[in-house]
Amino acid sequence: FHFVGEVFFLAQYALHVGLLPTTRRVVVELTKLEKQQQQQQQHAGALGAGARPAEDDADAPYRLHQAFQVLLAQPQLVQNSLDFVRLQAAWLAEFAQRPPARALEAFEAVPAWVVLDMAAWLCHVAEVRPRELALQPLRHLMASLTSLVRA
């Protein structure tokens, strides 16, 4: 492999072991915090108005959520990651254009997590930054994904 190819595969692996697991972990932790907050509010409601949690505790999940959004959904990170997903999709779509035997050989060499991670990241961006995703040129990405589905 040449340097560019090595960097491409390294970026795929970094997305797989770094960005996506971190994003999933943040979602799990935020869900836990929201459930805890709801339980505290229900418990405080059962005990009466005098047992309400402090105002600082009430918006802790919101503040934590905002902090994670700043870290994981920075506009430049979103832009670069979407550019990378487009590149991955075009790379995989190129395999589909090969003769069937060569296409099968190429697809067998690609770990399944590459496609799954690409889809997971697109779903995450659609949930967290839908406006930014809507501003992206998605035509070529969708064409590449469509050719993958056909293959």
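This is a predicted model: local features need pLDDT of at least 70, side-chain atom pairs count only at pLDDT 80 or more; totals for chains, interfaces and linings use all residues.
Q: Which residues touch the most other members of the largest nonpolar core?

A: Residues are numbered from 1 along each chain as its sequence is written, and side-chain values use heavy atoms, with hydrogens and water left out. A nonpolar core is a set of buried Ala, Val, Leu, Ile, Met, Phe, Trp, Tyr and Cys residues joined through side-chain atoms within 4.5 Å. Buried means under 20% relative accessible area, exposed over 50%, and partly exposed in between (1.4 Å probe, protein chains only). The largest core has 19 residues, and Leu82, Val85, Leu92, Met118, Trp121 and Val125 touch the most other members.

Q: Which helices each supply at least two residues of this core?

A: They are helix H1 (3–47), helix H4 (75–96), helix H6 (112–128) and helix H8 (139–150). H4 gives the most, with six residues. Helices (H or I, at least four residues) and strands (E, at least two) are DSSP runs, numbered from the N terminus. The chain has eight helices and zero strands.

Q: What is methionine 118 in contact with, leaving aside its neighbours within four places in sequence?

A: Contact means heavy atoms within 4.5 Å. By that rule methionine 118 meets Val85, Gln88, Ala89, Leu92, Leu145 and Leu148, once neighbours within four places in sequence are set aside.

Q: How should I read the buried residues of H4?

A: An α-helix has 3.6 residues a turn, so residues three or four places apart point the same way. In H4, the buried residues include Val78, Leu82, Val85, Ala89 and Leu92. The buried residues of H4 pack against H1, helix H5 (100–109), H6, helix H7 (130–134) and H8.

Q: How many aromatic pairs does a search of the whole structure find?

A: A pair of aromatic rings is described by the distance of the centres and the angle of the planes. Rings of Phe, Tyr and Trp (its six-membered ring) pair if their centres lie within 6.5 Å; planes under 30 degrees apart count as stacked, over 60 as edge-to-face and the rest as tilted. The search finds seven pairs. For phenylalanine 8 and tryptophan 91, the ring centres are 5.0 Å apart and the planes are at 70°, so the pair is edge-to-face. Phenylalanine 8 lies in helix H1 and tryptophan 91 in helix H4, so this pair ties together parts that are 83 residues apart in sequence. Ring pairs also link Phe8, Phe9, Phe84, Trp91, Phe95 and Phe107 into a cluster.

Q: Are phenylalanine 8 and tryptophan 91 buried or partly exposed?

A: Phenylalanine 8 counts as buried, at 12% relative accessibility. Tryptophan 91 has a relative accessible area of 21%, so tryptophan 91 is partly exposed.

Q: Where does H1 bend?

A: The bend at a residue is the angle between axes fitted to the seven residues ending there and the seven starting there. H1 bends by about 40° at leucine 15, and Leu15 is one of the buried residues of H1.

Q: What surrounds histidine 124?

A: Histidine 124 lies in helix H6 and counts as buried, at 13% relative accessibility. Apart from neighbours within four places in sequence, histidine 124 is in contact with Thr23 and Arg129.
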